[in-house]
Amino acid sequence: MKKSFVFFIFIYFANLSLYAGNEMFEKKEFIYKGDTLKYRILFPENYNKKNSYPLVIFFHGSGERGNDNEKQLIHGASLFTDSVNRINFPAIVLFPQCPANESWVKFKHTDPNTFEFLDKKGLTKSLALSKKLIDFYRKTEATDSKRIYISGLSLGGMATYDLICRYPKMFAAALPICGAVDVNRLKKVRKMPIRIYHGSVDKSVSVEYSRNAYIELKANGSEKCSIF
């Protein structure tokens, strides 16, 4: 009984600490032509507009969609609020949130964990707003336009691929996690540093998407691509 109580207290304070760290991200709304994108932003410690900082954007997965402007911080946010990382890697960090009834990319399931992508012509509303958000911070804050980095998890990994394929000159590097992409689009990003992460037991997105993306990038001459 005592051990269970101690474990409960540990979990409680661990979650409390994580929540407190997430509160370092400011709650914001980006409005463009009547559409609204909720997002959180973290500025570097001792932020100085006379300096120049990397801009990092992270796209959450399908389970973190909503309108609370909080769930998108569940995965990944603590890496940026870590005190050591904030000292060694100061950056402006954006975590947008996709509404519950929308998606970063359009697709339909062909099997439980395989997809047919449907958004070749244009960005979804949420991803288009995120692109405008990136443009806004490029222009209004102390952002180094040569150091814009993009990452995302699962559905957010798909968003990562989608944006780098559409705007290959905008991003310095990409880190898609458990994502998926039509490999025919990857030729445009063969020179970009891309680090791919995907677990082989993923039941939501087949690991074959990441493996095939890596194979395609290498076949196109990529020397800055790795997979884990």
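This is a predicted model: local features need pLDDT of at least 70, side-chain atom pairs count only at pLDDT 80 or more; totals for chains, interfaces and linings use all residues.
Aromatic pairs first. The structure holds 13 of them. Take Phe30 and Phe136. Their ring centres are 5.9 Å apart, and the planes meet at 50°, so this pair is tilted. Where do the two residues sit? Phe30 lies in strand 1, residues 26-32. Phe136 lies in helix 4, residues 125-140. That is 106 residues apart in sequence, so the pair ties together separate parts of the chain.

Now, buried or exposed? Phe30 has a relative accessibility of 10%, so Phe30 counts as buried. Phe136 is at 37% relative accessible area, so Phe136 is partly exposed.

Next pair: Phe115 and Phe117. Here the centres are 6.4 Å apart and the planes at 40°, so this pair is tilted too. Both Phe115 and Phe117 are buried.

One aromatic cluster is formed by Phe25, Phe58, Phe80 and Phe95. And Tyr167 has a charge over its face: Lys131, at 4.6 Å from the ring centre.

On to pockets. The largest pocket holds about 720 Å³ of space. Its lining has 28 residues. Which of them lie nearest the centre? Val56, Phe80, Phe89, Tyr149 and Leu175.

Strand 7 gives the largest share, with five residues. By class, the lining divides into 19 nonpolar, six polar and three charged residues.

Then the second largest pocket. The volume there is about 260 Å³. It is lined by 18 residues, and Ser62, Ser154, Leu155, Ser204 and Val205 are the closest to its centre. Two or more lining residues come from strand 5 (107-111), and likewise from helix 5 (155-166). How does this lining split by class? Seven residues are nonpolar, eight are polar and three are charged.

To recap. The Phe30 and Phe136 pair ties strand 1 to helix 4. The largest pocket has a lining with 19 nonpolar residues. The second largest pocket has eight polar residues in its lining. That's the tour.

Technical notes
Residues are numbered from 1 along each chain as its sequence is written. Side-chain values use heavy atoms; hydrogens and water are left out. Rings of Phe, Tyr and Trp (its six-membered ring) pair if their centres lie within 6.5 Å; planes under 30 degrees apart count as stacked, over 60 as edge-to-face and the rest as tilted. Helices (H or I, at least four residues) and strands (E, at least two) are DSSP runs, numbered from the N terminus. Buried means under 20% relative accessible area, exposed over 50%, partly exposed in between (1.4 Å probe, protein chains only). A charge sits over a ring if NZ of Lys or CZ of Arg is within 6 Å of the ring centre and within 35 degrees of the ring normal. On a 1 Å grid over the protein atoms alone, a cavity is a set of points where a 1.4 Å probe fits but cannot get out, and a pocket is an open set with protein on both sides within 12 Å along at least five of seven lines; lining residues have an atom within 4 Å of a point. Grid points are joined across faces, edges and corners, and a volume is the space filled by probe spheres set on the points. Ala, Val, Leu, Ile, Met, Phe, Trp, Tyr, Cys and Pro count as nonpolar, Asp, Glu, Lys and Arg as charged, and the others, Gly among them, as polar.
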